[in-house]
Amino acid sequence: MRAHSTLSALPSNLKPKFAPLFMLLGVALTHLEDPTNAKQAYEQAVAIESDSPMTYLNYAIMLFNSGDKSHAAEQYAKFEMYHQKKALNDPDVNALVAKLGPILHMGS
C-alpha cells in the first residue's frame, strides 16, 4: 500500500520535462487501479510532449478500461494521427491496434 501512496503523490510533486516518465507512471497507476492519478500522469506527459503516439495509446486504453469510451476514442484518434505521422512500425503495437482500433471506433 505504501508504494501506491507514493506513486499516487508523484504526478503533483514531479516537475521533470521527460514525458515518458509520466506515461510510465500513468501505466503503473492504471495497474494499481488508480485512474484519477493515472489520468493526471497522462495529462502531464501530453503537456510535455504532445506528439507521442504511445502516450495517447496507453491513455486511451486506461480510459476505455475505466468505462470512459468517448474520451478513449478521442485519445485513440490522436494516437492514430501521430502514429501515422511518425510512421512507426512495431509489430506488438500493430497487433494491439488491430484489436483495439475497431472497438474504440465502434464505441465513439
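Three aromatic pairs are found when the whole structure, a predicted model, is searched; rings of Phe, Tyr and Trp (its six-membered ring) pair if their centres lie within 6.5 Å, and planes under 30 degrees apart count as stacked, over 60 as edge-to-face and the rest as tilted. One of these pairs is formed by Tyr 42 and Tyr 59, which are stacked at 5.1 Å centre to centre with 15° between the planes. The pair links distant parts of the chain, 17 residues apart: Tyr 42 lies in helix α3 (residues 35-48) and Tyr 59 in helix α4 (residues 53-65). Helices (H or I, at least four residues) are DSSP runs numbered from the N terminus.

Tyr 42 counts as buried because its relative accessibility is 1%, and Tyr 59 counts as buried at 2%; buried means under 20% relative accessible area, exposed over 50% and partly exposed in between (1.4 Å probe, protein chains only).

The rings of Tyr 56 and Tyr 82 have centres 5.7 Å apart and planes at 15°, so this pair is stacked. Here Tyr 56 in helix α4 is linked with Tyr 82 in helix α5 (residues 69-86), 26 residues away. Both tyrosines, Tyr 56 and Tyr 82, are buried.

Tyr 42 also belongs to the largest nonpolar core, which has 23 residues; Leu 104 is likewise among those with the most contacts inside it. Such a core is a set of buried Ala, Val, Leu, Ile, Met, Phe, Trp, Tyr and Cys residues joined through side-chain atoms within 4.5 Å. Helix α4 supplies the largest share of this core, six residues.

Residues are numbered from 1 along each chain as its sequence is written. Local features need pLDDT of at least 70, side-chain atom pairs count only at pLDDT 80 or more, and totals for chains, interfaces and linings use all residues, while side-chain values use heavy atoms, leaving out hydrogens and water.

Key
Helix = DSSP H or I, 4+ residues; strand = E, 2+ residues; numbered from the N terminus.
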